[in-house]
Amino acid sequence: MQQDDVRDLLNRYLDGKCSDDEKAVLESWYLKYEVEDLPEIPQRIRDEHLNAVWESLPIHHSKKKVHALWPYISAAAILLIVLSAGLYFYGRQNNTEQQYTKNQIIPGGNKAILTLSDGRKISLTEASNGEIAEQSGIKILKTADGQLIYTAVNTTGDNRVSFNTIETPKGGQYQVMLPDSTKVWLNASSSLKFPASFSNLKERRVEMRGEAYFEVKHNEHKPFRVIAGNQQVEVLGTHFNIMSYREEGEIRTTLLEGAVKLSSNRQLAVLKPGQQGFISNGSEKYTIDYVDVSAVTAWKDGLFYFDNTDLRSLMGQISRWYDVEVVFQPGVNEDKFSGKIERSSDLATVLKVLEVGGVHFKVDGRKLIVQP
């Protein structure tokens, strides 16, 4: 990029005349090189403009370096502009293009296995749309948009409790409407065990692992309880998200609407909307903080939303969604990242975006090696 091009881009940014794509290029360039020298850009231009640019940025650094990942436009569009402008943020020629092309890995989708109370397993990935089973007076329907709907057709007769389990693999997600009209979204590598009918029960109790978002149907006479690891969440009717992946070593419960009571190992906590209750394995008490709930639940809306997210947690999300094994080599920086990337992007696109943020990879089949 020539000096005049840089000066023109800076001026148009400050005047509010840049396109979204041009803003992304400039913001990402500044975040990467704010403390480094670019010999092709005179110091005078940097002094005159960059402080003003910094004050305009939608995302700022924390005390630990945070890389912005262009939160408002598609990764592919940004990448095209960055490369065509000749901005090589990571200080070396990108020699991984060929390996990404050879090892194209597509994003996850609506994939799950439903296990009925009699042991039958139904692949929801392969099953035709429409009614797929009926049990305990409940009709089970699969819809074209990745939902499983339980509908009561007969509430009399057998009083035995029948349990169903829905499991998503790595690279899978699914939505379930339970018999009480409660809606549950399951993220990748997650499961939900629930009664096929709540009609003869005093409470609505389900068990989960992994990550799930709940919109619980209000019923003051039948509390809704979620068992996740050694934690229990009790609600009457509310919207909340639980993340309890075993490999994360923690349980995070985030409340969007209503109120929930958390209990774990005799520890109790009550959340208000906008709060997250956090407890790690072996911890003696909950930590409660206000969080950006849109970042926590972005996965169900088709986005990776990184909000000051450390690299290992970020790569955990990548691993589960693209069904890849992630290996860290010694010496990898523990930087944090902020920004949005569409989960519909293929893995190569996501990795290119992260490389612009300073992370380097080697792809070996379905093994993703993070390099210093």
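Which residues are linked with E203 in a network of salt bridges? They're R205, R225, E234 and K261. By salt bridge I mean a side-chain nitrogen of Lys or Arg within 4 Å of a carboxyl oxygen of Asp or Glu.

Quick housekeeping, everyone. This is a predicted model, where local features need pLDDT of at least 70 and side-chain atom pairs count only at pLDDT 80 or more, while totals for chains, interfaces and linings use all residues. Residues are numbered from 1 along each chain as its sequence is written, and side-chain values use heavy atoms, with hydrogens and water left out.

Inside it, R225 and E203 meet through their side chains at 2.3 Å, N to O. R225 counts as buried at 15% relative accessibility, and E203 as partly exposed at 21%. (Buried is under 20% relative accessible area, exposed over 50%, partly exposed in between, with a 1.4 Å probe and protein chains only.)

Now look at R312. Its salt bridge partner is E334, with the closest N and O atoms 3.2 Å apart. The charged end of R312 also sits over the ring of F328, 4.0 Å from the centre; that takes CZ of Arg, or NZ of Lys, within 6 Å of the ring centre and within 35 degrees of the ring normal.

Last stop, the rings. There are 6 aromatic pairs here, meaning Phe, Tyr or Trp rings (the six-membered one for Trp) with centres within 6.5 Å; planes under 30 degrees apart are stacked, over 60 edge-to-face, the rest tilted. One of them is Y150 with F194, edge-to-face at 5.2 Å and 85°. Y150 is buried at 2%, and F194 is buried at 0%.
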